[in-house]
Amino acid sequence: MIAQPFEYIVPTSLGEAVNLLQKHGGRAKILAGGHSLIPMMKLRLAAPEFLIDIGRIPELSYIKDDGGMIRIGALTTHYVIESSDVIKNHLPALVDAAGLIGDVQVRNKGTIGGSIAHADPAADYPASILAFDATIVTLGPKGERKIPASKFFVDMMTTALDPHELVREIQIPVKSGKVGSAYLKMAQKASGFAICGVAAVVELDVSGAISNAAIGITGVASYAFRSGAVETALKGVKPSLDILKKASQRAADGFIALEDIHASAEYRTDLARIYTRRALQAAIERA
């Protein structure tokens with residue numbers, strides 16, 4: 001199928017992009033890497049009258065270590081994240097996620113900002129973004145806004161972005177001490193999307209007990225979520241295989257699992273338990 005006719009616009013600055021969004025309202029869509037939006041346009045699931053291509057705005061592509069905070073520009077590609085020493089050293093789960101997205105072509109073109117703004121329930125980044133307690137920095141007509149990841153993913157392909165806002169930056173705090181993180185998934189073979197993906201960030205105290213655990217899960221429900229039940233169960237305990245397995249049984253508590261041609265709701269719920277335990281084990285090994 002061929003996309004419906006649209007006008008293609010290429011702004012050269014962030015300010016111009018925001019002005020265009022405001023001018024054209026709900027008739028416009030932002031194009032970053034295009035690996036989510038363009039397929040939807042070809043299927044006519046999306047039919048914008050105006051396509052605003054921000055891919056040539058250089059100030060949106062960067063990774064910066066600000067000492068205690070990693071800042072990632074919205075147009076930073078999956079490949080750049082996957083191969084960044086800064087991200088490898090501080091946020092290994094994000095490297096895991098980037099390296100598992102699509103194929104080489106997709107990773108060289110797709111962007112982190114485009115992925116999280118699209119908010120596909122089976123996307124890889126949201127689990128890590130949630131587990132790392134990231135903040136999404138947006139820009140709109142009223143200026144800059146900072147949205148905690150916990151409030152950003154609202155529902156299937158729905159975020160807290162206002163209609164005239166775009167994602168500018170992702171900010172992730174760097175934890176000190178003995179910390180490990182990991183992201184693992186079971187992928188749908190044809191697309192590479194997660195049937196279940198789990199990111200775990202684990203902090204250990206001097207005694208080896210878990211002082212804090214954060215679990216982000218994608219692919220299971222209509223939007224990515226934090227597994228508060230597992231996090232609470234693990235706080236203050238010394239990890240063992242039995243303890244991790246028992247805590248992980250509550251991975252999807254409070255959430256309704258999706259059911260489709262790829263997996264039943266029961267299967268997805270079971271995958272959430274299995275991959276939560278595996279991600280926790282991998283994170284602890286890296287701590």
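Student: How do β1 and strand β3 pair, and over how many bridges?

Tutor: In this predicted model, β1 and strand β3 (residues 50-53) run in the parallel sense and pair over three bridges, where two strands count as paired if DSSP finds at least two bridges between them. Strands here are DSSP runs of E with at least two residues, and helices are runs of H or I with at least four, both numbered from the N terminus.

Student: And which residue in β3 is the bridge partner of Tyr8?

Tutor: The bridge partner of Tyr8 is Leu51.

Student: What order do the strands of that sheet take, and which are the edge strands?

Tutor: Three strands form an open, parallel sheet in the order β1-β3-β2, and the edge strands, each pairing on one side only, are β1 (7-9) and β2 (28-31).

Student: Switching to helix α1, which of its residues are buried?

Tutor: In helix α1 (residues 14-24) the buried residues are Leu14, Ala17, Val18, Leu20, Leu21 and His24; buried means under 20% relative accessible area, exposed over 50%, and partly exposed in between, with a 1.4 Å probe and protein chains only. They lie on the same side of α1 because they cover an arc of only 160 degrees around the axis, the arc being that of the directions from the helix axis to the C-beta atoms.

Student: What do they pack against?

Tutor: The buried residues of α1 pack against β1, β2, β3, β6 (135-140) and β10 (166-173), with contact meaning heavy atoms within 4.5 Å.

Student: How many salt bridges are there?

Tutor: The count comes to 15 salt bridges, each a side-chain nitrogen of Lys or Arg within 4 Å of a carboxyl oxygen of Asp or Glu. Residues are numbered from 1 along each chain as its sequence is written. Side-chain values use heavy atoms, leaving out hydrogens and water, while local features need pLDDT of at least 70, side-chain atom pairs count only at pLDDT 80 or more, and totals for chains, interfaces and linings use all residues.

Student: Which residue forms a salt bridge with Asp96, and where do the two lie?

Tutor: Asp96 forms a salt bridge with Arg286, the closest N and O atoms being 2.8 Å apart. Asp96 lies in helix α5 (residues 92-99) and Arg286 in helix α12 (residues 265-286), so the pair ties together parts that are 190 residues apart in sequence.

Student: Is Asp96 buried or exposed?

Tutor: Asp96 is buried, at 17% relative accessible area, whereas Arg286 is partly exposed, at 41%.
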